[in-house]
Every structure is written in C-alpha cells, then in structure tokens.
Amino acid sequence: MMFSLNQAPRGYLVLALLSLDILLLTPELPWAGFPPRHWVALEAPLIIGLLALLPPAPWRRWLSGLVALFALTIVFGAAGDALMQTMQGRSLNLYVDIKLVPILIELIVANLGLPLAIGGLLIVGLALFALGLVLTGLLQGFHARNTPRGLALLLIVVGGVGLARIDTLQDDDASGWMAKIGHPAVSFITFEWQRALQTREAMATFGRRLYQDDHAYAKPGGQSLPGLANTDVILGFIESYGVAAIERAPFKTEIQPRLEVIQNQLAAAGLSVVTGRVTAATLGGQSWLNHATFASGLPITSQLRFELMINSPHSTLIDDFKASGHDTIAIMPGITRDWPEGSLYGYDEIHTADSMGYRGPSMGWASMPDQFTWQRVEDYVRARHDGPTFTELATLSSHAPWSPVIDMVDDWSTIADGEIFDHWQGAGKDYASLWHDTEAMRRNYGPAIDYSLQAAFGFAERYLGNHELGNEGFGKERLGDDGSGEDRTTEHTLMMILGDHQAAPAIIGASPGKDVPLHIISDDPQLLTGFLDHGFRPGMFPPGPDAAIPMQAMRGLLHQIYADVTPGEKVTTSGSGS
C-alpha cells in the first residue's frame, strides 16, 4: 500500500521518535559499547508525546529547535566521554573538562595544520547543523491537529511512568525486555549535575588547602634544601613513559633490555641509580598537571586546580631551590607560544621552542628531538652557570602518535644547532594520519620510548660520569673553562628522570593505572641512600605497585631527605613512607 498524505504526520512522528531514541542512547556507548545496553530511551516517547499534544503555533518551530539542540548536546557529551575514556581512562567531568576545549582545538590545529583543522571542524559543524535541521523538521511534522490525542497520551504515559518506575521495576526483573528500557539522557544529566556539585565542593576544599597548607615548604618563598645546596639538580620528564612500557607486552621486550644496558652504562661511568614507582595525577595526557603536581606537592588533577594553584601564593620546588641558592631554569621545547605560567612559577630562565636555536627539521608532532633538548641542558645550564642550578625539562620525542622514531647521534659534540638532523627531513610528516591508526601507534610506542631513554641517559653517561671527558664532563667537580674545576662551586649532580604519565589505554591496554617510573641518578651514591628507605630499589627497574608513591608526595619526600641535612653530610632517612 502506498504512503498517503494522511499518514505523513504519523510517519514524521515515527521517524522523530526513532531518531531521538538513537541520539539519546549515545551516552551509553562509551562504557557499554555497541550495541548500547538499552534499546529504548524513555525520554524519547515522553518528549514526542508532549510535542504531539501542542498546536502548530509559530513558537513550535523554536521549541522543536531546542529539543534538537538538547539531543545534539547529549551526543556531544557522549563523544567527549568516549574521548576521555579512550585517551585518559576516565569519564567526562563537564565541570572541569570544559576548560580543555581550547586546548583540544589547539591540539587539532597542531596535528592537522590550520587549513585541515578548519576544514574538519567546518565539516563536523555542518553535519551536526544538518542533523539538527532534519530533526527539527521531523518534530514540526506532527502536532495536536494531525495526531490522535490517544497516541500522544499513550506516549506520555509510557515515557513518564517509565521514567518514574523503571529503576524499581528493574530491581525486581533485571532480565528480559525490561532490561532493554532505560533513561540514559536523564542518567547522564543527573550524574554530571551531581558530580559538578561534588567537584565544586572538592575545588572549594582544594582552594582552602592552597592557603592553609601547614607544610613549612608551602609558605611563599618555599623552604631551602640544604642537603642539595652545592648540587646541580635536573628534573626531566619523559613524555608518555609509564610502567606499562616496562611491564606489559609487547613493549617490555624492547624496554627491559634497554634498561639493563643503561644500568650497565651508568655503572661504567661511575654513576649510581635507584628507581621508584610514582603514581601520576593523570593518565594519557595533560602533562603539565603532573609537572605541577610534582613541583607543588599538591594533587593537580584538573586544569581548574592548576589555575587555582599557579595563581596562589602556594610555593613550589622552584621556590625551594631558589631558597637553596640555585639558579632555576626551564627548558620546554613543547611550548610554542607565550607561556605566562612560566613567569608565575618564577624560573630565573625560560627556554622554549622559539628560543632554543633549533635549526633542524620538525619531528612529526615534536618540535625537536630529545637528544637536542638534552644537549641544550649542557649548552644553556652547565656551560653558563658557575653556581648550583635546578633545571626542569620536558621532552617530546615519545609524544603520541610516536612518529618518526629516529636514531641517536653517536657524537654529541656534532649536534650544535640541530642541522645534523636534516637527513630526517620529511620523516613522520604523516603523523597526523596516525591518530586514526591505533595499531601503527602501538608499534611505534616502544621504539619511541626506547629513543627517549637513550637520549636522557646518554646525556647522564656523557656529561655526569666520572670518566675522562676533558671539558665535556665532570666527576666529583665540573670542569671550568681552563679544565681546572676551580670555576665551579658545585660538587655533584642529582638527576631525576620520570614519566609524566602513562600512555592512553587505547595504546597500552585496559586498566593500566597511573604509575610511572622515577629514576634518580647521581655521581655521589650518598645522595641516593635516602630513597632506598622509601621503596626505591637500586638499578633501573621500578618496584611493584605496593611501593608506589603519589606524585604529590615527592616534594615532601625531597624535603624529608634533604631539608635537614648539613651540606656535605651523608644523606640518610628513617621510616618507610612519606
């Protein structure tokens, strides 16, 4: 039988009901997968039934548009939840994650380029606009004058009574057809609202903690670390380096042998190393939050917390080392724009991508390779400062999507301005397309971490070891310009190398946790003894999960080990935790 005009309003109603049902089920997809747990979203018949009772007044067009906008907002929330689950192993929190939208747009532009980013955003925007128009048109196609009143009331009863009673009914019969009926949109909104209230209260508590922190080192100006007064300190973050790279297949088959090689090389260079296990603040991204967590001694788990901390008088490790007489230097090749946060941290010197003098090719997502960044620690810090220094750097070569994976330059003295990397020109130019190829990223992840480890510990072996390196290295004293060592007031170096966070669960597997390795190297083994009392173990391999230390506890641990020590005194601690 052919479709008649008299049946058209019911056709609009059925299509609108199905479309709205599908859109409102999307919040279940990030956690239940496809097909979703439920087949019927009770919100859909309730909304359709109410619209079917309303007359075809001019304002109905705007009401239909608002319903369509509501449905698309739910879809946006589901998409954001799916992205968070994939990249950071957690659900969306609209209260704090809304601040990540500008950062997400910036990442899209950085990875795709401005033309492709604009084109992609336009296509997505137009597609959603078209979907909204279609749904709005369907919702306008039926109304009180062309839809049986009984049908509209039936839909309202099914939706309304169902929403009121479904949870109770499912408690009695959680199987069969009843299990296919749910209220995902209401659940999503309720969950986000309740979590927003909880997050707001948690943020208020965190804000009070910022100003009421009773640790001596939390006061403005920080607290000195006399046990490191004549020691150069380097804090280096390796991008995406988590314990999964060491403990999970297939990555461990490449990383474990590398750690063994590094352990032997450090020993041959007269360097000691201990390794701990630290629980980062985030998983899969937002590196700067972990940098802030380590520096502040507070759990900086969101952008909102970061902004509260960085704009408060609460001190950080940068203040502690300045109080200890160190020059404080930041080397941040990932910063490609103005960085007001660096000034708020209070570094004496800041070197970012534009000021590091790199003349080589870009390395996919990374602005420069890790080996160049580590060489700049020698060029900008060790060679230019007579007194003790604190250097913080964050490397990039092991950043997703882990392309290209390059080889080490054997002779560090030839790195200069980076032109030696010209033979890698064009390598990794397809890195933007890899974001859609999870298997390719997984294959590249292990080799990328391997390269970053070689660069970091190659620097330690070359420049911190006590073998004879002329003016390029030092043992118990760093050599001055004349090779006598008299130009330097520092005696030793403490180098802390850790991952900023685990890679995304999509790469390393489900439920990876947030633990990252922390390697601490020194030319003076006495500087490391205090860590052994807190779960660290000699060598390059981290202990098990039971020995994990929260990243926010590391500042306190450094103070426990070094704050009450007279310069030159052997560093020891007692106790088992921080």
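**Helix packing, cavities and backbone details**

Analyst: In this predicted model, Pro250 is placed in the loop that runs between helix 10 (244–247) and helix 11.

User: Which residue is joined to Pro250 by a cis peptide bond?

Analyst: Ala249 is joined to Pro250 by the cis bond, with omega at about 0°.

User: Which residues line the largest one?

Analyst: The lining of the largest cavity consists of Met363, Trp365, Ala366, Leu396, Ser397, His399, Ser403 and Pro404. Ser403 and Pro404, both in that lining, are the pair joined by a cis peptide bond.

User: How does that lining divide by class?

Analyst: Five of the lining residues are nonpolar, three are polar and none is charged.

User: Now the helices. What are the angle and distance between helix 11 and helix 18?

Analyst: Helix 11 (residues 252–268) packs against helix 18 (residues 438–464) at an angle of about 5°, and their axes are 10 Å apart. Angles under 35 degrees count as roughly parallel, so helix 11 is roughly parallel to helix 18.

User: Which residues make that contact?

Analyst: Helix 11 contributes Glu254, Ile255, Arg258, Leu259, Ile262, Gln265 and Leu266. From helix 18 come Gly446, Pro447, Ile449, Asp450, Leu453, Gln454, Phe457, Ala460 and Glu461. The residues of this contact between helix 11 and helix 18 comprise nine nonpolar, three polar and four charged.

User: And helix 16 with helix 18: what is the crossing angle there?

Analyst: The axes of helix 16 (residues 370–382) and helix 18 cross at roughly 30° and come within 8 Å. Helix 16 is therefore roughly parallel to helix 18.

User: Is that crossing left-handed or right-handed, and who is in contact?

Analyst: Helix 16 passes helix 18 in a right-handed crossing. On the helix 16 side, the contact involves Asp370, Gln371, Trp374, Gln375, Val377, Glu378 and Arg382. On the helix 18 side, the residues are Tyr451, Ser452, Ala455, Ala456, Phe459, Tyr463 and Leu464. By class, the contact of helix 16 with helix 18 has eight nonpolar, three polar and three charged residues.

User: One more pair. How do helix 12 and helix 13 cross?

Analyst: The axes of helix 12 (residues 287–296) and helix 13 (residues 303–310) cross at roughly 45° and come within 10 Å. The two helices are therefore oblique to each other, and helix 12 passes helix 13 in a left-handed crossing.

User: Which residues meet there, and of what class?

Analyst: Trp288, Leu289, Ala292 and Ser296 of helix 12 meet Gln303, Phe306 and Met309 of helix 13. The contact of helix 12 with helix 13 has five nonpolar residues, two polar and no charged ones.

Definitions and conventions. Residues are numbered from 1 along each chain as its sequence is written. This is a predicted model: local features need pLDDT of at least 70, side-chain atom pairs count only at pLDDT 80 or more; totals for chains, interfaces and linings use all residues. Side-chain values use heavy atoms; hydrogens and water are left out. Axes are lines fitted to C-alpha atoms, for helices over the stretch in contact, and angles run from 0 to 180 degrees between N-to-C directions. Helices (H or I, at least four residues) and strands (E, at least two) are DSSP runs, numbered from the N terminus. Angles under 35 degrees count as roughly parallel, over 145 as roughly antiparallel, 65 to 115 as roughly perpendicular and the rest as oblique. A crossing is left-handed if the near helix is turned anticlockwise from the far one by less than a right angle, and right-handed if clockwise. Contact means heavy atoms within 4.5 Å. Ala, Val, Leu, Ile, Met, Phe, Trp, Tyr, Cys and Pro count as nonpolar, Asp, Glu, Lys and Arg as charged, and the others, Gly among them, as polar. On a 1 Å grid over the protein atoms alone, a cavity is a set of points where a 1.4 Å probe fits but cannot get out, and a pocket is an open set with protein on both sides within 12 Å along at least five of seven lines; lining residues have an atom within 4 Å of a point.
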